[in-house]
Amino acid sequence: MPKSTIGYYAVRIGRKSGIYMNWEKCKEQIHQYPGALYKKFYTKQQAEDYINEENYDEANILKVWTDGYCGNNGKKNALASIGVFFDDDDPRNLSERLPGNHQTNNRAELYAAICALEKVNNEQDVIIFTDSTYVINCCNVRNPKKNFDLVNRLNDLLKERKGKSIFKHVRGHSGVYENEQADRLAYLGSQKTDVKEFNFPIRNQTIKEFFKQ
């Protein structure tokens, strides 16, 4: 049986924003268009949410900044850590090492976002600011090719949440105070010696089955 290619291509910024049912139509809107933003989803609701992501009341939404750090990234002696910043002196702020033997910057970025979501009330609308486009592109991915444990956990949390979950990209080291604090916490986490273990719930379904619910 041939593999299904059904999907919803959401164009947030392009020649004409909207939802397209095939890649060719989507490409017409974004090819060589400066600053184009688009993504493929497997449900129409997810595609609509992506396009309407900017429609929120920023004054009444929780904001959190996340960052990952990895010294010697890509080498055998790599050591990664995370930083999560809600506000000055907020007890939810995090600075800790990345668990596991596979230490990379992308995994640290993913784990930071996961930890942020785990600390937020399930019904609270939240914006997660990250300088990692990798994390943003991992949202609503059904068949991750890498870091599947963390990508799956991230998407489990997003699926379970009742409040809005919005990811916004912030340029790293651009002078944004909150992002600089997340960066500082991530680096300080690398100086710690205690390392937790992953304690994710066991998933009894494939990611494809999970998204069909």
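Here is a friendly run of questions and answers about this predicted model.

Me: How many helices and strands does the protein have, and what share of its residues count as buried?
Reply: Let's begin with the overall picture. Of the 213 residues, 44% count as buried. As for secondary structure, the protein has 7 helices and 8 strands.

Me: Among contacts between residues at least 6 apart in sequence, what percentage join residues at least 24 apart?
Reply: This one is about how far along the chain the contacting partners lie, with contact taken as heavy atoms within 4.5 Å. Among contacts between residues at least 6 apart, the share that joins residues at least 24 apart is 67%.

Me: Which strands stand at the edges of the sheet of 5 strands?
Reply: The 5 strands form an open sheet with mixed pairing, in the order 6-5-4-7-8. From one strand to the next, the twist averages 20°.

Me: What is the bridge partner of Cys70 in strand 5?
Reply: Strand 4 and strand 5 run antiparallel and are joined by 7 bridges. In strand 5, the bridge partner of Cys70 is Ala80.

Me: What is the bridge partner of Ile82 in strand 6, and is that residue buried or exposed?
Reply: Strand 5 and strand 6 pair in the antiparallel sense, over 4 bridges. In a regular strand the side chains alternate between the two faces of the sheet. Both faces of strand 6 are covered, with Leu94 and Glu96 buried on one side and Ser95 and Arg97 buried on the other. The partner of Ile82 is Glu96, which is buried.

Me: At what angle does helix 3 run to strand 4, and at what angle does helix 6 run to strand 5?
Reply: Helix 3 lies across strand 4, strand 5, strand 6, strand 7 and strand 8. Helix 6 (residues 177-189) lies across strand 4, strand 5 and strand 6. Helix 3 runs at about 150° to strand 4, and helix 6 runs at about 145° to strand 5.

Me: How are helix 3 and helix 5 oriented, parallel or perpendicular to each other?
Reply: The axes of helix 3 (residues 105-119) and helix 5 (residues 148-160) come within 10 Å and cross at roughly 25°. Angles under 35 degrees count as roughly parallel. In handedness, helix 3 passes helix 5 in a left-handed crossing. The two helices are therefore roughly parallel to each other.

Me: How many residues of the contact of helix 3 with helix 5 are nonpolar, polar and charged?
Reply: Helix 3 contributes Arg107, Leu110, Tyr111, Ala113, Ile114, Leu117 and Glu118 to the contact. From helix 5 come Asp149, Leu150, Val151, Arg153, Leu154, Leu157 and Leu158. The residues of this contact divide into 10 nonpolar, no polar and 4 charged.

Me: Which residues does Ser132 touch, not counting those up to four places away in sequence?
Reply: Ser132 sits in the loop between strand 7 (126-130) and helix 4 (133-138). With a relative accessible area of 7%, Ser132 is buried. Beyond its sequence neighbours up to four places away, Ser132 touches Glu109 and His169.

Me: Which strands stand at the edges of the sheet of 3 strands?
Reply: This open sheet has the order 2-1-3 with antiparallel pairing. Each edge strand has a single partner strand, so one side is left without a neighbour in the sheet. The twist averages 25° from one strand to the next. At the edges stand strand 2 (18-20) and strand 3.

Me: What angles do helix 1 and helix 2 make with strand 1?
Reply: Helix 1 lies across strand 1, strand 2 and strand 3. Helix 2 (residues 44-51) packs on the sheet and touches strand 1, strand 2 and strand 3. For helix 1 the angle to strand 1 is about 10°, and for helix 2 it is about 5°.

Me: Where does Gln32 lie, and what is its phi near?
Reply: Most residues other than glycine have a negative phi. Gln32 lies in the loop between helix 1 (23-30) and strand 3 (37-41), and counts as exposed at 68% relative accessibility. Its phi has a positive value, near 60°.

How values were computed:
Residues numbered from 1 in each chain as written. Predicted model: local features only at pLDDT ≥ 70, side-chain atom pairs only at ≥ 80, totals over all residues. Heavy atoms only, no water. Axes fitted to C-alpha atoms, helices over the stretch in contact; angles between N-to-C directions. Parallel < 35°, antiparallel > 145°, perpendicular 65-115°, else oblique. Left-handed = near helix turned anticlockwise from the far one by under 90°. Nonpolar A, V, L, I, M, F, W, Y, C, P; charged D, E, K, R; others polar. Buried < 20%, exposed > 50% of the residue type's maximum accessible area, 1.4 Å probe, protein only. Pairing = 2+ DSSP bridges.
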